[in-house]
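I opened my notebook to record what I looked up. The entries follow the order in which I worked.

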Amino acid sequence: MPPRAGGRAPDAADTEASLVARAQARDVGAFERLSGAYADRLFMLLLRLLGDRGEAEDVAQEVMLRAWQGIARFRGQSSYFTWLYRIAVNEANRALAKRARRPASVTIGADELQLPESAAQDPSRQAENSELRRSLGQALAELPPALRTAIVLRDVEGLSTQEAAEIAGIGQAAFKSRLHQARLRVRAAIGDETLTAIGG
Amino acid sequence: MGMPGSTDDHQWSQQHLSHYVEGDLRPRARRRLDRHARDCADCGRGIRAMHALVYAVQGLDGLAGVRAPAAIFDRVRLAGPAGPPSSQHA
C-alpha cells in the first residue's frame with residue numbers, strides 16, 4: 001500500500017532519481033511515493049488557481065494520471081516538482097477554458113486564504129485581516145488566468161522567477177510582465193488606503 | 001496631493017511600482033523613481049502599498065491544514081502499469 005498523498009519528500013533510501021527510474025519502469029507504488037511528496041502542495045496550487053474544491057479534486061486526479069502517462073518522457077531537465085507543477089498549471093488552464101463562459105464566477109473561499117497565525121492572533125487585527133483576505137481572494141479570482149497563475153506561483157507559492165516562468169511555460173521577461181500586471185490590478189482592486197493600513 | 005515632476009514621470013512611476021519592489025529596475029530607472037517618489041505623496045504611498053500587497057499575498061500561503069484528497073491516485077491505479085501513453089511532454 002503506497003503512503004498517503006502528503007507533503008513528505010522521499011527519504012535518502014528512496015531518492016527522487018531512483019523513484020523516477022522505478023516509475024518509468026511502470027512501478028505504480030514508486031510513482032505514488034514520488035508524486036505523493038508534492039500532492040498537498042499541488043492540491044493547494046489547484047485550489048488557488050481554480051477556486052473550487054470539487055473541481056480542484058477532479059483536476060488533481062487528472063494531473064496525476066497525465067504525469068503517470070507521461071513519466072517515460074520526463075528527462076530530468078527540470079526538477080520533478082517543476083515538471084509536475086507545469087502539468088498542473090496546464091490542466092488548471094484547460095479546466096478554466098472549459099468554463100470560460102462564466103469567468104467572473106470564480107471564487108476563492110476564505111478557508112483557502114489564510115493569513116499567518118502571527119497576524120491573526122492580534123484580535124484588533126482580525127477584522128482587518130478578514131476583510132483583506134476576502135478582498136485579496138476576490139481580486140485574485142477576478143484576474144485573467146494567466147495573470148492569476150503568475151502571482152500565485154511567484155508571490156503565494158514563493159517560487160523563484162526562473163522556476164515560476166518554467167512552470168508557466170513562458171520566458172522570464174514575459175513572466176515578470178504578467179506578474180507586474182497582476183500586482184497592479186490587485187493593488188487597484190484593493191486600494192492603497194487598505195493596503196497601507198495593514199502595513200507590510 | 002503632490003505630483004511634482006512631469007506627468008510622464010508620475011505615470012511611469014505608477015506603472016513600475018511592482019518592478020521597483022521586485023528589484024527589477026536598472027539603477028538609472030530606480031533613481032528616477034526614487035527621485036520622483038521623494039516628493040510625490042501618491043507614489044510614496046504606492047511603494048508602501050505595493051510592499052504591503054506582496055507581503056499580504058505571501059501570507060496567503062498559510063494552508064497548513066489543507067491536504068490532497070485521498071482519491072488523488074485513483075485514476076492512476078485504474079490505469080495500472082500499462083496505462084496508455086500520453087502526449088504530455090517533459
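**Notebook: helix, core and rings**

Exposed means over 50% relative accessible area, buried under 20%, and partly exposed in between, with a 1.4 Å probe and protein chains only. Helices (H or I, at least four residues) are DSSP runs, numbered from the N terminus.

I noted the ground rules. This is a predicted model, in which local features need pLDDT of at least 70 and side-chain atom pairs count only at pLDDT 80 or more, while totals for chains, interfaces and linings use all residues. Residues are numbered from 1 along each chain as written, chains are lettered from A and ligands numbered from 1 in the order written, and side-chain values use heavy atoms, without hydrogens and water.

Next I looked up the buried residues of H3(B): B:Ala29, B:Leu33, B:His36 and B:Ala37. They cover an arc of only 95 degrees around the axis, so they sit on the same side of H3(B). The arc is taken from the directions from the helix axis to the C-beta atoms. What covers them? The cover includes helices H1 (7-15), H2 (17-22) and H4 (41-58) of chain B.

I moved to the largest nonpolar core, which has 83 residues. Such a core is a set of buried Ala, Val, Leu, Ile, Met, Phe, Trp, Tyr and Cys residues joined through side-chain atoms within 4.5 Å. A:Phe31, A:Leu46, A:Tyr80, A:Leu136, A:Ile151 and A:Val186 touch the most other members. Helix H5 (residues 80-98) of chain A gives the most to this core, eleven residues.

I checked A:Leu136. Leaving aside neighbours within four places in sequence, its contacts (heavy atoms within 4.5 Å) are A:Val186, A:Ile190, B:Leu53, B:Ala56, B:Val57 and B:Leu60.

A:Phe31 and A:Trp68 form a tilted one, 5.2 Å centre to centre with 55 degrees between the planes. A:Phe31 lies in H2 and A:Trp68 in H4 of chain A, so the pair ties together parts 37 residues apart in sequence. A:Phe74 and A:Tyr80 are edge-to-face, because their centres are 5.6 Å apart and their planes at 90 degrees. Rings of Phe, Tyr and Trp (its six-membered ring) pair if their centres lie within 6.5 Å; planes under 30 degrees apart count as stacked, over 60 as edge-to-face, the rest as tilted.

Methods. Helices (H or I, at least four residues) and strands (E, at least two) are DSSP runs, numbered from the N terminus.
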